[in-house]
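Me: I am new to this structure, and I would like to understand what stands behind the words used to describe it. Please take me through them slowly.

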Amino acid sequence: MQSTARAFKQNAHEALHDPNLQDSLAKLKVGFSERRRQAAERLPEFEALRDRARDIKNHTLENLDFYLEEFERKVLALGGHVHWAPTAEDARRIIADLCKSVGARTIAKSKSMVSEEIGLNDHLEALGIAPIETDLGEYIIQLRHEPPSHIIAPAVHLTKDQVADTFLEHHRELGFTRRLTERNDLVAEARQVLRQKFLDADVGLNGANFLVAETGSSMLVTNEGNADLSNTLPRMQIVLASIEKVIPTLEDAAVLLRVLARSATGQESSAYTTLNTGPKRAGDLDGPEQYHVVILDNGRSSVLGTRMQDMLRCIRCGACMNHCPVYGAIGGHAYGWVYPGPIGAVLTPQLIGVEEAGNLPNASTFCGHCESVCPVRIPLPRLMRHWREREFERHLTPRAARQGLALWSFVARRPKLYRRLSGFANKLLALFGRAEGRYRSLPLASGWTRFRDFPAPQPGGTFHAQWARQHSRVRP
Amino acid sequence: MSRPPPRRVALFVTCLVDLFRPSVGFAAVKLLEDAGCIVEVPPLQVCCGQPAYNSGDRASTKAIARQVIGAFEGYQHVVAPSGSCAGMLSHHYPGLFDDDPAMKTRAENLAARTHELMAFLVDVLGVTKVAARYDGVVTYHDSCSGLRELGVKQQPRTLLGSVQGLGLREMKTPEVCCGFGGTFCVKYPEISNAMVGEKTSDIEASGADTVLAGDLGCLMNMAGKLQREGRAVQVRHVAEVLADMGALAPIGQGEGGER
């Protein structure tokens with residue numbers, strides 16, 4: 001997918017002035033976070049489970065080579081295939097070749113952020129293979145040619161009216177000529193349209209929440225059941241997942257599932273939890289004849305063993321974005337690439353470069369709300385700060401900001417000089433701001449005064465000046 | 001019962017309080033002295049270094065941290081009327097010196113002695129009430145660093161509960177960031193504006209006539225927005241109200257202010 005992360009500020013500007021988006025975000029902000037809070041409160045061991053989830057992922061990442069090879073051995077023993085894709089391009093090629101090998105015309109897709117990461121749909125379309133998104137949200141944005149705006153709710157930026165218009169536009173030719181207004185009717189119409197596509201598909205492609213090393217299973221959670229159709233009906237099943245999705249055991253999966261759904265939607269469990277373990281066996285009534293797992297690295301392994309490794313614990317629940325006030329203000333598209341919100345601000349610079357995505361880790365107040373709800377306790381503010389430091393080291397920070405910072409830190413290390421300058425600034429600001437107590441505009445502070453008044457200092461001098469006056473007589 | 005010896009507390013004034021709102025510093029001194037502490041103000045203190053730290057300038061941050069660590073050596077406790085500055089000293093300084101064991105020890109020592117004012121009064125000194133009066137309905141904004149790094153939540157509310165004449169009315173989302181974020185508010189002014197706009201709506205909807213918080217950066221941000229929107233809500237640092245300084249002009253209002 002082509003990144004617009006460089007244009008983050010412009011993207012954010014447009015998002016803030018998009019009334020439909022702002023309507024959708026207003027609902028999201030209340031809904032997800034309130035449901036997560038209630039789910040966490042209902043489960044006394046929730047905080048302890050978060051610790052265990054973190055520890056499971058840490059243990060796996062520290063032994064990632066072992067568990068990936070273990071997973072591969074199990075898949076091979078089941079009669080499946082594992083394909084290693086170092087880059088996005090490799091993954092696209094592998095999947096295209098697999099599709100061509102069975103002469104696929106259409107593939108039914110469900111639930112894969114990694115396929116967005118590697119730009120799979122555009123690639124397949126160019127080869128004459130039609131990818132059909134079967135998750136309702138993914139299907140809606142596919143019709144609109146938009147990227148997802150949220151990792152678990154890809155069409156969360158749209159209002160119901162926008163969806164109704166989109167369906168009318170695209171389903172008219174299939175005989176659905178009435179503009180629907182009820183949520184259930186929209187879902188029913190999508191189901192009718194999609195059901196035939198499930199039946200027509202030659203290949204089913206889905207992502208994975210977890211790859212279980214001990215059994216060679218891929219595990220996927222959905223609320224729509226679409227994944228079960230997309231991976232049982234077609235002849236070939238392809239699972240696309242990144243390296244950090246592997247976990248050691250089913251027991252570990254049980255722990256992670258318990259924190260995943262609660263953190264994501266506030267559900268105790270997603271409606272469907274599907275395990276796929278190899279191709280159809282002799283005697284099975286259904287299932288794919290071929291079972292392929294494509295495992296993508298795309299730069300992830302380079303953070304193993306570093307302090308940035310923590311980002312690979314992510315289980316893609318979306319809680320960080322649901323609780324992020326910046327995401328809540330601008331939505332997911334403004335981030336300009338596949339993964340939005342706090343986890344996107346950490347992953348994107350790793351995956352497409354800090355030169356391209358430097359705005360993302362900067363656009364945070366470090367309020368820490370994301371870290372406080374992360375089910376695997378990823379220290380997201382610390383990781384964002386890491387990118388700011390890399391940016392600063394490489395002189396990518398804007399020059400005016402660097403110079404201002406250099407001057408300020410020169411003064412801040414010299415208390416006597418600082419006192420003189422702050423005393424002067426205090427007097428000046430207090431003098432001219434005395435009548436009103438604030439400024440409506442202030443030179444060099446337009447970023448502030450464009451939207452806010454700037455409070456003037458209290459009269460009487462700085463704290464240190466006043467303190468020194470009060471205590472000068474009693475000091476030796 | 002013999003009284004314990006008075007605690008020797010160094011006040012970390014913070015650069016915003018020093019420059020814009022000295023009364024917060026004096027309020028902190030009064031609250032600490034009323035609780036039996038001997039308060040000193042180490043003269044070599046300036047800023048905790050957050051502007052550099054949050055801009056990715058680690059070298060400058062370390063230089064500033066060294067100086068702060070030196071300035072506060074030898075004091076039993078270090079107390080700041082700010083969750084964000086106290087959090088910088090107590091949660092972030094030690095990590096700056098992973099490659100310098102001697103400095104790391106000193107940083108950890110400072111970290112262990114550093115407290116946010118509300119948490120120090122309630123959790124360390126055991127203060128449960130103050131001698132103050134404030135005739136008004138207040139709402140309390142939980143500033144992010146204090147809340148999530150230091151666990152400051154109930155302490156200010158406990159103390160406010162003892163203020164004569166004061167009523168507390170909570171916002172819907174007191175824990176959501178106000179959009180200040182240090183340099184964030186000038187680097188991303190439009191996003192910051194949207195965030196503080198939500199906050200001021202929430203403040204107004206609470207029905208309170210005064211908003212309090214424990215961090216001057218957040219308070220200046222909220223005051224500036226409330227005033228730009230023409231909302232009549234007063235903005236004060238919680239320490240001022242607890243120290244019975246509620247008659248001072250609120251933040252961003254001139255000497256001719258109405259209260």
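Reply: Let us start with a definition: axes are lines fitted to C-alpha atoms, for helices over the stretch in contact, and angles run from 0 to 180 degrees between N-to-C directions. Please keep in mind that this is a predicted model. With axes taken in that way, helix 15 (residues 341-352) of chain A and helix 19 (residues 380-393) of chain A come within 9 Å, and their axes cross at roughly 35°.

Me: What makes the crossing of helix 15 of chain A and helix 19 of chain A left-handed or right-handed?

Reply: A crossing is left-handed if the near helix is turned anticlockwise from the far one by less than a right angle, and right-handed if clockwise. The crossing of helix 15 of chain A and helix 19 of chain A is left-handed.

Me: Why is chain B called as compact as a globular protein of its length?

Reply: Chain B holds 13 helices and eight strands. The globule rule gives 18 Å for 259 residues, and the radius of gyration of chain B is 18 Å, close to that value, so chain B is as compact as a globular protein of that length. Along its principal axes, the C-alpha trace of chain B spans about 55 × 50 × 30 Å.

Me: How many of the residues of chain B count as buried, and what makes a residue buried?

Reply: A residue is buried if 20 or more other C-beta atoms lie within 10 Å of its own, and 61% of the 259 residues of chain B count as buried.

Me: Where do the domains of chain B lie, and what joins them?

Reply: The assignment gives domain 1 (8-123) and domain 2 (128-242) of chain B, and their centres, taken over C-alpha atoms, are separated by 22 Å. Their contact takes 28 residues from domain 1 of chain B and 23 residues from domain 2 of chain B, where residues are in contact if their C-beta atoms lie within 7 Å.

Me: How many residues do chain A and chain B bring to their own contact?

Reply: That contact takes 57 residues from chain B and 55 residues from chain A. Helix 12 of chain B supplies the largest share of chain B's side, seven residues, and by class this side has 29 nonpolar, 17 polar and eleven charged residues.

Key
Residues numbered from 1 in each chain as written. Chains lettered and ligands numbered in written order. Predicted model: local features only at pLDDT ≥ 70, side-chain atom pairs only at ≥ 80, totals over all residues. Contact = placed C-beta atoms within 7 Å. Helix = DSSP H or I, 4+ residues; strand = E, 2+ residues; numbered from the N terminus. Nonpolar A, V, L, I, M, F, W, Y, C, P; charged D, E, K, R; others polar. Domains from an automatic or database assignment. Rg over C-alpha atoms; globule rule 2.2 N^0.38 Å. Buried ≥ 20, exposed ≤ 12 C-beta atoms within 10 Å, placed from the backbone.
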